[in-house]
Amino acid sequence: MSDPFDPDLRRLFAATAEHPADEAFVAAVTVRTSRERWITLIARALVGALVLAVAAAAFGVVMAQGVKVIAPLLNASLAGQATGLVLAIAGLVCLRLLAPLALRRT
Amino acid sequence: MSPQALAGAAEASVVALAVCGDQQAFAELVRRRQGMLRELMRRLCGDRAFAEDLAQQAFVQAWRQLRRLQSPGAFGAWLRAIAVNVWLQEARRAPARLEIPEADLPEPEPQGPGPADLAATRLDLSRALLRLRAPERVCVVLAYAEGLSHGEIAEATGWPLGTVKSNVARGAERLRAWLSPQGEYHE
């Protein structure tokens, strides 16, 4: 297959080529990528903290609502106490199942 | 891996380490590819300091996007595509910085034979490149300085093959017209 490009121009570009090699350039890029790495780590930590804060707030609300439902049952009768206990255990089981998923996301 | 071991390792292995977040491995990649990337930016920018800055930006972007690299063996082409993209973004953002009006360009000096003229020839070619529109310049540089085919240029720029072919042809034609009378083009 023939070369579709002008050979004289090709020669001119080849003759004027420079191949700079400079450790200072490598160092400058390394400084910038390290900074980048720190910024990424801090951003991830902030996002993680935000997600945890939201999760904790949601957990607090759920607990408050749960106590509102369960507490009267515990004071009502033996059947009420049993129901309250089952609800509390069910809540703990849900937490145990969901916690790893939430942690994996952060 | 120690810096000595990294220096002797195959590029695909160094890329694989860098993808895992190894900064020393990435520094080794910068060391190996800086010549290509800085030369590309120098041709495209004309201004050496600005070219250095854009070359650094390209490496930083490569570091950010390294996890997206599909094949470690394609690192060179992938890095070049990032560099072209960085330059094109700059050309769109601040075109005045990359295009010098013809009236502001001094006439090239007539050339005589001898190695002392190499610097002058380099300067004239650099000035002539600055006269080209951004798409022509990037296509001509990739074709003639980097030795890429039309298809590879289309891949690096994301432009249709026809657009690349016409940009290379038009750009080369303008370069020839500009350089021929001064005598440094034809040997």
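Me: At roughly what angle do the axes of α3(B) and helix α8 (residues 134–145) of chain B cross?
Reply: Helices here are DSSP runs of H or I with at least four residues, numbered from the N terminus, and axes are lines fitted to C-alpha atoms over the stretch in contact, with angles from 0 to 180 degrees between N-to-C directions. The axes of α3(B) and α8(B) come within 10 Å, and they cross at roughly 140°.

Me: What kind of model is this?
Reply: Residues are numbered from 1 along each chain as its sequence is written, while chains are lettered from A and ligands numbered from 1 in the order in which they are written. Side-chain values use heavy atoms, without hydrogens and water, and local features need pLDDT of at least 70, side-chain atom pairs count only at pLDDT 80 or more, and totals for chains, interfaces and linings use all residues, since this is a predicted model.

Me: Which word describes how α3(B) and α8(B) lie to each other, and which residues of α8(B) make the contact?
Reply: Angles under 35 degrees count as roughly parallel, over 145 as roughly antiparallel, 65 to 115 as roughly perpendicular and the rest as oblique, and therefore α3(B) and α8(B) are oblique to each other. From α3(B), the contact (heavy atoms within 4.5 Å) is made by B:Leu40, B:Arg43 and B:Leu44, and from α8(B) by B:Arg137, B:Val138, B:Val141, B:Leu142 and B:Ala145.

Me: Is the crossing of α2(B) and α3(B) left-handed or right-handed?
Reply: The axes of helix α2 (residues 11–19) and helix α3 (residues 23–45), both of chain B, come within 8 Å and cross at roughly 135°, and the two helices are therefore oblique to each other. A crossing is left-handed if the near helix is turned anticlockwise from the far one by less than a right angle, and right-handed if clockwise; that of α2(B) and α3(B) is left-handed.

Me: How many nonpolar residues does the contact of α3(B) with α5(B) have?
Reply: The axes of α3(B) and helix α5 (residues 75–93) of chain B come within 11 Å and cross at roughly 35°, in a right-handed crossing. Residues that meet include B:Met36, B:Leu37 and B:Cys45 in α3(B) and B:Phe75, B:Leu79 and B:Trp87 in α5(B). Of the contact residues, one is polar, two are charged and 13 are nonpolar.

Me: Which element gives the most to the lining of the largest cavity?
Reply: On a 1 Å grid over the protein atoms alone, a cavity is a set of points where a 1.4 Å probe fits but cannot get out, and lining residues have an atom within 4 Å of a point. The structure holds one cavity of 30 Å³ or more, and the largest cavity is lined by B:Arg42, B:Arg43, B:Arg122, B:Leu125, B:Ser126 and B:Leu129. Two or more of these residues come from each of α3 and α7 (118–131) of chain B, and the most, four residues, are given by α7(B).

Me: Which element gives the most to the lining of the second largest pocket?
Reply: A pocket is an open set of points with protein on both sides within 12 Å along at least five of seven lines. The lining of the second largest pocket includes A:Glu36, A:Arg37, B:Trp63 and B:Arg64, and at least two residues each are supplied by α2 (23–76) of chain A and by α2 and α4 (48–65) of chain B. The most, five residues, are given by α2(A).

Conventions. Nonpolar A, V, L, I, M, F, W, Y, C, P; charged D, E, K, R; others polar. Points joined across faces, edges and corners; volume = space filled by probe spheres on them.
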